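Colleague: I have not looked at this one before. Can you take me through it?

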Amino acid sequence: MHIWNMCIGLFGVQIVWGLQNVDTSRIFQTLGAEIAQLPILWIAAPITGLLIQPLIGYWSDRTWGPLGRRRPFVLGGALMTAAAMVVMPNVTSLFAASVALWLLTASVNIAAEPFRALVADNLPDEQRTEGYAVQVFFIGAGAVFSSALPWILSHGFGVAGVAPPGQLPATVRLSFEIGAAGLVATVLWTVLTTRERPPQSLAADARDHARSELLSAAAAVTLTRSGVIWTVGGVVIAVLASARGLEREIYVLAAIATAFGLAQLAVVAMRRRGHRSLGLFEIVEDILHMPPVMRRLAVVQFLTWFGLFCFWIYAIPGVSSHHYGTTDTASAAYNEAADWVGILFAGYNAVAAVGALLLPAIAQRIGRPATHAACLVAGAAGLLGFVLIDDPTLLWMPVIGIGCAWASILALPYAMIAGAVPPDKMGVYMGIHNTFLVLPQLVAATVLGAIVNDLLGGQAILALGLAAAALLAAAVAALTIDDSQHV
């Protein structure tokens with residue numbers, strides 16, 4: 001029961017993610033956004049995750065109070081998220097919707113990030129796969145509820161599912177308000193029923209992982225070289241983007257590369273000056289000292305989440321245009337397509353919720369990397385099914401494969417990482433790992449508009465084929481992980 005109490009808050013968190021994933025493109029298109037604009041409008045999600053998750057992990061590792069070290073961030077983030085949930089569906093312009101998405105994504109990242117470390121803190125390695133599987137169960141259940149909510153309100157309670165041009169249906173606005181209430185209720189349950197292990201107990205389980213507070217000459221040279229490469233690379237990308245008149249999204253990638261390079265150079269300078277504490281810059285050293293399991297998983301996660309971001313952005317535009325023959329956001333056909341995609345999203349999350357409970361037994365037999373690879377292959381097949389199947393009523397079949405992949409994506413990588421990193425850095429390494437979920441989304445937001453318009457002829461449905469290829473490549477990369485290395 002302890003595991004279930006610890007994880008139930010993710011039911012509410014996933015209501016938020018579910019509504020955001022299904023309805024963000026719908027909100028933007030309703031307010032006048034074109035297909036080519038969707039990736040850049042979505043860019044708030046990856047950028048806020050990239051910045052916030054490592055910071056929350058770092059700070060929560062160093063926090064201890066009446067609510068422990070993870071729960072203060074879970075509760076504070078949930079309250080801010082609930083406020084943003086009420087605001088977002090009531091905005092009246094694209095600019096306001098973009099700002100609301102930034103606020104919503106930042107807040108929900110604060111609430112969500114500590115949940116991974118909470119399980120790792122409180123459970124031994126042999127129970128962590130089960131712990132993350134239970135998390136996926138609640139994530140799946142929350143996503144089923146949120147994805148189907150607009151359809152349920154429309155068909156079960158008679159709430160208006162169609163609105164005049166430029167306005168969101170009442171079903172969407174009410175769904176966000178219900179989601180805000182559900183988030184606060186479930187997070188409070190976790191906060192009030194869960195106890196955290198004190199830092200002294202966690203430290204007793206750890207080996208000595210202290211690093212030298214002075215850089216060796218070789219390490220300083222390596223870090224300096226890396227910093228220069230990243231900095232110069234970022235500047236070169238920006239210059240090329242300016243010279244060729246490329247999309248403004250490219251400058252975001254250039255800025256991130258330059259900032260990471262400068263941060264590495266700052267670490268070298270601070271260590272050479274005798275600084276014993278680096279503060280937030282310690283995150284840079286932690287990135288450079290990642291264990292091999294995390295390095296391999298970074299490749300897997302990059303490919304996986306690039307594909308998922310393609311799916312989330314283009315599911316509604318792709319299904320509405322390819323299967324329902326419309327791009328008119330005010331039409332009944334478009335809103336029917338959007339509601340059906342919500343049901344399909346609920347379906348793959350329902351599959352994930354049930355399938356996650358089977359993962360521990362399968363992983364015990366064939367190993368976590370092989371299990372993860374098999375699930376990713378199933379997901380790739382499911383995404384390809386959206387492209388190949390013309391009858392929208394049959395799209396529930398590929399949803400099964402996507403659900404298998406989603407169950408594994410949300411459980412097995414975290415279980416592998418939890419056994420490979422020091423307990424006293426669990427939060428920061430979980431946050432660093434999550435940057436490899438948001439970086440591919442940022443890349444996708446940068447390049448997908450051009451890819452879909454220029455290479456795929458503006459056909460949103462073909463972006464789901466690109467997503468399938470990304471998941472298949474991730475499955476191959478997963479087989480290279482050695483999960484036998486434990487702290």
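Modeller: Start with two tryptophans: W305 and W312 are both buried. Keep in mind that this is a predicted model.

Colleague: How are the rings of W305 and W312 arranged?

Modeller: Their planes stand at 70° and the ring centres are 5.6 Å apart, so the pair is edge-to-face.

Colleague: Which aromatic cluster are W305 and W312 part of?

Modeller: One that also holds F311, F345, Y348, F386 and W406.

Colleague: And the largest nonpolar core, which residues touch the most other members?

Modeller: Y132, F311, W312, F386, W406 and M430, out of 130 residues in that core. Helix 13, residues 292-322, supplies the largest share, 17 residues. There is also a second, separate core of seven residues, with F260, A263, V267 and V284 among them.

Colleague: What does M430 contact, leaving aside neighbours within four places in sequence?

Modeller: E113, R116, A117, A120, Y132, Y414, I417 and A418.

Colleague: Back to aromatics. How many pairs are there?

Modeller: The structure has 14 aromatic pairs. One of them joins W4 and F138 edge-to-face, 5.4 Å centre to centre with 80° between the planes. W4 is in helix 1 and F138 in helix 7, so this pair ties together parts 134 residues apart in sequence.

Colleague: Is F138 buried or exposed?

Modeller: F138 is buried, at 10% relative accessible area. W4 is partly exposed, at 33%.

Colleague: Now the surface. Which residues form a nonpolar patch there?

Modeller: V228, V232, V236 and L240, with about 310 Å² of accessible area together. L240 belongs to helix 10, residues 217-244, and counts as partly exposed because its relative accessibility is 44%.

Note on methods. Residues are numbered from 1 along each chain as its sequence is written. This is a predicted model: local features need pLDDT of at least 70, side-chain atom pairs count only at pLDDT 80 or more; totals for chains, interfaces and linings use all residues. Side-chain values use heavy atoms; hydrogens and water are left out. A nonpolar core is a set of buried Ala, Val, Leu, Ile, Met, Phe, Trp, Tyr and Cys residues joined through side-chain atoms within 4.5 Å. Buried means under 20% relative accessible area, exposed over 50%, partly exposed in between (1.4 Å probe, protein chains only). Helices (H or I, at least four residues) and strands (E, at least two) are DSSP runs, numbered from the N terminus. Contact means heavy atoms within 4.5 Å. Patches are made of residues with over 30% relative accessible area and no salt bridge: like charges are joined within 9 Å, nonpolar side chains (Val, Leu, Ile, Met, Phe, Trp, Tyr) within 5 Å. Accessible areas come from the Shrake-Rupley method with a 1.4 Å probe; for residues, only the protein chains shown count as cover. A salt bridge is a side-chain nitrogen of Lys or Arg within 4 Å of a carboxyl oxygen of Asp or Glu. Rings of Phe, Tyr and Trp (its six-membered ring) pair if their centres lie within 6.5 Å; planes under 30 degrees apart count as stacked, over 60 as edge-to-face and the rest as tilted.
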